[in-house]
Amino acid sequence: MGKKFIFLDIDGVLNSDEWTRRYFKENFYHIPEIDQDLDPEALENIDHLVNETKGEIVLISYWRLDLENTRKRLKFSGLKSKVSYSLPIFPLESELGRSRGKLIFEFLKKNKCEKYIIL
């Protein structure tokens, strides 16, 4: 039996203009030391998805360029699940005519996959 993967982008999935407006309005436009621009409800949904599917998170966002800080920020923001993998940093999607889809396809070929979802 193969693994289950949750390919996770961040911008537009874990944050949004709507969340940012609501957060700053609820906190009277206070800007904390570390911006809380990740939606706690979205993070809970990811944790739920991981728990229900036993899937492993693969970070596909450009946030993977600083993977360790991204992991810390996700944890600080409330994500309980572990980011197990990330797409390669080099080449980036824009290099060598590669798309993120091709990088995901290459990842799937290298790893035994039963099911996957791309968010």
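**Basis.** I worked from a predicted model, in which local features need pLDDT of at least 70 and side-chain atom pairs count only at pLDDT 80 or more, while totals for chains, interfaces and linings use all residues. I numbered residues from 1 along each chain as its sequence is written, and side-chain values use heavy atoms, with hydrogens and water left out.

**Fold.** I noted 4 helices and 4 strands in the protein chain. Helices (H or I, at least four residues) and strands (E, at least two) are DSSP runs, numbered from the N terminus. I read the order of elements from the N terminus as β-α-α-β-α-β-α-β.

**Burial and surface.** I found that buried residues account for 37% of the 119 residues in the chain. Buried is under 20% relative accessible area, exposed is over 50%, and partly exposed lies in between (1.4 Å probe, protein chains only).

**Contacts.** I looked at contacts (heavy atoms within 4.5 Å). Of those in the chain with a separation of 6 or more, 75% are between residues 24 or more positions apart.

**Salt bridges.** How many salt bridges does the structure hold? I found 3, where a salt bridge is a side-chain nitrogen of Lys or Arg within 4 Å of a carboxyl oxygen of Asp or Glu.

**K3 and E56.** I located a salt bridge between these two side chains, at 3.8 Å from N to O. K3 belongs to strand β1 (residues 3–8) and E56 to strand β2 (residues 56–59), so the pair ties together parts 53 residues apart in sequence. K3 is partly exposed, at 35% relative accessible area; E56 is likewise partly exposed, at 23%.

**D9 and R100.** I located a salt bridge between the side chains of D9 and R100, at 3.4 Å from N to O. This pair links distant parts of the chain, 91 residues apart: D9 is in the loop between β1 and α1 (17–26), and R100 is in helix α4 (residues 100–110). R100 is partly exposed, with a relative accessible area of 22%.

**E68 and R71.** I located a salt bridge between the side chains of E68 and R71, at 2.9 Å from N to O. Both lie in helix α3 (residues 67–77), 3 residues apart, so about one helical turn separates E68 from R71. E68 is partly exposed at 48% relative accessible area, and R71 is partly exposed at 26%.
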